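Please brief me on this structure. Start with the ligand surroundings, then cover the sheet, the overall fold and a few single residues.

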Amino acid sequence: MINLTPSKTTFNVCDAGFGLGTMMYNFYIESKKFEDKTFNFFGVEKYKEYVDFFNKNLKGYWDNNIDLYVDDIMNHNYGKYDIVYCYTPFKNENELMGMYQKIVDELKPNGILIEYAWSGMGFYSSIRKTHKNNPETTKLIRLITHDVLIKL
Ligand SMILES: C[S@@+](CC[C@H](N)C(=O)[O-])C[C@H]1O[C@@H](n2cnc3c(N)ncnc32)[C@H](O)[C@@H]1O
């Protein structure tokens with residue numbers, strides 16, 4: 001993902017539906033290999049209990065380089081992010097499609113949306129459907145194991 005935009009030096013990365021950040025932690029560890037790039041991590045999570053627990057017990061493992069928002073995914077604006085990651089926070093197709101559409105609408109050019117579930121397709125193939133619904137403004141690529149949406 002990082003190599004898709006080689007000239008970019010700073011990446012703002014957000015997990016929409018952060019939980020305790022389990023999967024995005026892998027990304028955080030990988031990011032250390034890119035010594036010439038700067039990464040800032042963010043997360044949006046509606047349950048304050050998760051956020052409080054994370055800030056108290058886990059944030060140190062991220063070198064404190066992460067800011068969490070206690071908020072609903074659908075209230076957050078994704079315009080400042082270079083990469084938005086999620087792991088299917090909604091189990092309902094309409095809600096999922098609404099969330100992906102909002103993220104795609106707000107992402108800046110070259111911004112990336114990556115879903116973890118179902119090799120990146122998301123439940124109901126909702127990532128692919130989001131691309132089909134936005135053929136002029138998104139590009140769908142396969143990155144090794146996952147589908148990735150890029151904002152054009
Ligand atoms: C399947 S977990 C994924 C957790 C984490 N992203 C990961 O990959 O390990 C989905 C998370 O989304 C959160 N979530 C669900 N609906 C949400 C909403 N409307 N706004 C904010 N967070 C939400 C849940 O509380 C849960 O922590």
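Helix 1 (22–31) and strand 2 (38–45) each supply at least two residues of the shell around the ligand. Helices (H or I, at least four residues) and strands (E, at least two) are DSSP runs, numbered from the N terminus. The model is predicted: local features need pLDDT of at least 70, side-chain atom pairs count only at pLDDT 80 or more, and totals for chains, interfaces and linings use all residues. Residues are numbered from 1 along each chain as its sequence is written.

**Ligand shell**

- The ligand has 17 residues around it, and Gly-17, Gly-19, Met-23, Lys-46 and Pro-89 come nearest. A residue is near a molecule or strand if its C-beta atom, placed from the backbone, lies within 6 Å of it.
- By class, the shell holds nine nonpolar, four polar and four charged residues. Here Ala, Val, Leu, Ile, Met, Phe, Trp, Tyr, Cys and Pro count as nonpolar, Asp, Glu, Lys and Arg as charged, and the others, Gly among them, as polar.

**Met-23**

- Met-23 lies in helix 1.
- Met-23 is partly exposed because 14 other C-beta atoms lie within 10 Å. A residue is buried if 20 or more other C-beta atoms lie within 10 Å of its own, exposed if 12 or fewer, and partly exposed in between, with C-beta atoms placed from the backbone.
- Leaving out residues up to four places away in sequence, Met-23 touches Tyr-87 and Tyr-116. Contact means that the C-beta atoms of two residues, placed from the backbone, lie within 7 Å.
- Met-23 and Tyr-116 are 93 residues apart in sequence, yet 8.5 Å apart in space, C-alpha to C-alpha.

- Seven strands form an open sheet in the order 3-2-1-4-5-7-6, with mixed pairing. Two strands pair if DSSP finds at least two bridges between them.
- Strand 3 (66–70) and strand 6 (138–143) are the edge strands, and each pairs on one side only.
- On average, neighbouring strands of this sheet are turned by 20 degrees against each other, direction ignored. Axes are lines fitted to C-alpha atoms, for helices over the stretch in contact, and angles run from 0 to 180 degrees between N-to-C directions.
- Strand 2 and strand 3 run parallel and are joined by five bridges. Phe-41 has Ile-66 in strand 3 as its bridge partner.
- Helix 2 (residues 48–57) packs on the sheet and touches strand 2 and strand 3. The direction of helix 2 makes about 160 degrees with that of strand 3.
- Helix 4 (residues 126–133) also packs on the sheet, touching strand 5 (112–115), strand 6 and strand 7 (146–151). The direction of helix 4 makes about 30 degrees with that of strand 7.

- Strand 4 (residues 83–86) runs parallel to strand 5, and four bridges join them. Ile-83 has Ile-112 in strand 5 as its bridge partner.
- Strand 5 is covered on both faces. Ile-112 and Ile-114 are buried on one side, Leu-113 and Glu-115 on the other.
- Strand 6 and strand 7 run antiparallel, joined by six bridges. Lys-139 stands opposite Ile-150 in strand 7.
- The hairpin of strand 6 and strand 7 has two residues between the strands, and Ile-144 takes a positive phi near 55 degrees there.

**Overall fold**

- The protein chain has four helices and seven strands. Along the sequence the pattern is β-α-β-α-β-β-α-β-α-β-β.
- The radius of gyration is 15 Å, close to the 15 Å that the globule rule gives for 152 residues, so the protein chain is as compact as a globular protein of that length. The radius is taken over C-alpha atoms, and the rule is 2.2 Å times the number of residues to the power 0.38.
- The C-alpha trace spans about 40 × 35 × 25 Å along its principal axes.
- Of the 152 residues, 31% count as buried.
- Among contacts with a separation of 6 or more, 72% join residues 24 or more positions apart.

**Other single residues**

- Most residues other than glycine have a negative phi.
- Asn-110 has a positive phi near 75 degrees. Asn-110 lies in the loop between helix 3 (93–106) and strand 5.
- Ser-125 has a positive phi near 50 degrees. Ser-125 is found in the loop between strand 5 and helix 4.
- Is Lys-48 buried or exposed? Lys-48 is exposed, because 10 other C-beta atoms lie within 10 Å. Lys-48 is found in helix 2.
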